[in-house]
Amino acid sequence: QLQLAESGGGLVQPGGSLTLSCAASDTSIYSGIGWFRQAPGKEREGVACISGSSSEAIYTDSVKGRFTISRDYAKKTVTLQMNSLKPEDTAVYYCAVRIGSLPTVCFTHQRSLDFGSWGQGTQVTVSS
């Protein structure tokens with residue numbers, strides 16, 4: 001599969017907002033799509049996932065209430081809106097497509113193994 005493409009990362013102050021965008025393909029846009037992040041010294045962590053029909057969205061506890069995942073089928077993009085950013089949100093953020101069993105759904109436990117067509121990543125730095 002072709003890689004997804006992330007954009008929108010950058011430097012932001014604590015408490016600020018940032019919006020990341022993931023460009024998908026004509027077909028992958030209808031699969032479940034997830035956002036992951038990896039900070040220095042930490043394993044890659046599932047942040048959010050939106051189902052293929054956009055009927056469900058899940059978030060890891062640390063971002064719930066602050067981050068929102070959404071999809072635009074016409075633009076073939078999935079967006080991660082990040083508000084009230086904290087220094088601990090600093091990481092490289094990746095988007096990827098659900099693969100394997102039930103590829104249109106999101107699981108409560110996001111595993112990298114269940115995703116493919118990873119983007120190149122975009123750096124998010126939250127610092128004063």
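Buried means under 20% relative accessible area, exposed over 50%. The legends below describe a predicted model.

Figure 1. The chain holds zero helices and 11 strands. From the N terminus on, the elements run β-β-β-β-β-β-β-β-β-β-β. The radius of gyration is 13 Å, close to the 14 Å that the globule rule gives for 128 residues, so the chain is as compact as a globular protein of that length. Along its principal axes, the C-alpha trace spans about 40 × 30 × 25 Å. Of the 128 residues, 45% count as buried. Consider contacts between residues at least 6 apart in sequence: 60% of them join residues at least 24 apart.

**Figure 2. Surface and charge of the chain.** The accessible surface comes to about 6,500 Å². Carbon and sulfur atoms account for 51% of that surface. The chain carries 11 positive and 10 negative side chains. The centres of these two sets lie 1 Å apart.

**Figure 3. A disulfide joins Cys22 and Cys95.** A disulfide is a covalent bond between the sulfur atoms of two cysteines. In this view, the sulfur atoms of Cys22 and Cys95 are 2.2 Å apart. The pair links distant parts of the chain, 73 residues apart. Cys22 sits in strand E3 (residues 18–23), and Cys95 in strand E9 (residues 91–98). The torsion about the S-S bond is about 80°, so this disulfide is right-handed. Cys22 has 0% relative accessibility and therefore counts as buried. Cys95 is also buried, because its relative accessible area is 0%.

**Figure 4. A disulfide joins Cys49 and Cys106.** Here the S to S distance is 2.0 Å. The torsion about the S-S bond is -75°, and the link of Cys49 and Cys106 is left-handed. This pair, too, links distant parts of the chain, 57 residues apart. Cys49 belongs to strand E5 (residues 45–50). Cys106 lies in the loop between E9 and strand E10 (115–116). Cys49 has a relative accessible area of 0%, so Cys49 is buried. Cys106 has 12% relative accessibility; Cys106 therefore counts as buried.

**Figure 5. The disulfide pattern along the chain.** The count comes to two disulfides. With bonded cysteines counted along the chain, the pattern is 1-3, 2-4.

**Figure 6. Arg66 in its loop.** Arg66 is found in the loop between strand E6 (57–59) and E7. Arg66 counts as buried, because its relative accessibility is 10%. Arg66 and Asn83 are 17 residues apart in sequence. In space they are 5.1 Å apart, C-alpha to C-alpha. Neighbours within four places in sequence are left aside for the contacts of Arg66. The contacts are then Gln81, Met82, Asn83, Ser84, Leu85, Lys86 and Asp89.

**Figure 7. Lys75 in its loop.** Lys75 lies in the loop between strand E7 (67–72) and strand E8 (77–82). Is Lys75 buried or exposed? At 62% relative accessibility, Lys75 counts as exposed. Lys75 and Ala24 are 51 residues apart in sequence. Their C-alpha atoms are 8.8 Å apart in space.

Notes. Residues are numbered from 1 along each chain as its sequence is written. This is a predicted model: local features need pLDDT of at least 70, side-chain atom pairs count only at pLDDT 80 or more; totals for chains, interfaces and linings use all residues. Side-chain values use heavy atoms; hydrogens and water are left out. A disulfide is a pair of cysteine sulfur atoms within 2.5 Å. Helices (H or I, at least four residues) and strands (E, at least two) are DSSP runs, numbered from the N terminus. Buried means under 20% relative accessible area, exposed over 50%, partly exposed in between (1.4 Å probe, protein chains only). The radius of gyration is taken over C-alpha atoms; the globule rule is 2.2 Å times the number of residues to the power 0.38. Contact means heavy atoms within 4.5 Å. Accessible areas come from the Shrake-Rupley method with a 1.4 Å probe; for residues, only the protein chains shown count as cover. Lys and Arg count as positive and Asp and Glu as negative; His and the chain ends are not counted. The place of a charge is taken as NZ of Lys, CZ of Arg, CG of Asp or CD of Glu.
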